[in-house]
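Here's a quick tour of one protein model. Have a look at the structure first, then work through the notes below.

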Amino acid sequence: RVHGEIIALANALGNESSDTSEQSVIRAAKWISTSKGCVVAVLGDIDRVTNGNVVLEILHSSRMLQGVAAARTLSTALIAAFVSGRPQHQSIMLATAHALAFWSLCSQQAQLKAKGPGTFRVALIDAMSTLRM
C-alpha cells in the first residue's frame, strides 16, 4: 500500500504515529507484519516488501507507470497471482517481491516502446503477456 495507508493501518492497529517519513513508514510496515504475522508491501518509487525482519526493495525506473489509472490495483492482482502460483518452497515474501519485480520490468519494457501515455498502457499489457521470468 501507499505510505499514508500504511501509517493509517498501523494507527488503527494500535501503533500510534503521525510521521509519514520514509523511515517511519518502513517501521510501521515492519510493525504491522510482525504483529499480524503477514507480509506487507509498501508501493512507491521504491517498492518495499517486509516480513517484519527483512525488507526487500524493488526499484522502478518507469515514470510513465504513475500515469496509469489502477496501476496499484494491477500490482495487487499480480501479487495475488504470484503468491497463489508460487512453488511450495518459496516464501510469500519472495513471491510478493517477484510480482513487484515483474511489474517493474514490464513497465520498463513498455516505456521503451511507448510514444506516450496511451501507447504505454497497451505496451504494458503486451509486456505482461510476453515477458518471461
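The axes of helix 3 (residues 71-84) and helix 4 (residues 92-113) come within 8 Å and cross at roughly 135 degrees. Axes here are lines fitted to C-alpha atoms over the stretch in contact, with angles running from 0 to 180 degrees between N-to-C directions. This is a predicted model, where local features need pLDDT of at least 70 and side-chain atom pairs count only at pLDDT 80 or more, while totals for chains, interfaces and linings use all residues. Residues are numbered from 1 along each chain as its sequence is written, and side-chain values use heavy atoms, leaving out hydrogens and water.

**More on the helix pair**

- Residues of helix 3 including Leu74 and Phe82 meet residues of helix 4, among them Ala99 and Trp103 (contact means heavy atoms within 4.5 Å).
- By class, this contact has 12 nonpolar, three polar and no charged residues; Ala, Val, Leu, Ile, Met, Phe, Trp, Tyr, Cys and Pro count as nonpolar, Asp, Glu, Lys and Arg as charged, and the others, Gly among them, as polar.

**Thr50**

- Thr50 counts as buried because its relative accessibility is 3% (buried is under 20%, exposed over 50%, partly exposed in between, with a 1.4 Å probe and protein chains only).
- Beyond four places in sequence, Thr50 touches residues including Lys30, Cys38 and Met93.

**Val54**

- At 38% relative accessibility, Val54 counts as partly exposed.
- Val54 and Lys30 are 24 residues apart in sequence, and their C-alpha atoms are 8.4 Å apart in space.

Notes. Helix = DSSP H or I, 4+ residues; strand = E, 2+ residues; numbered from the N terminus.
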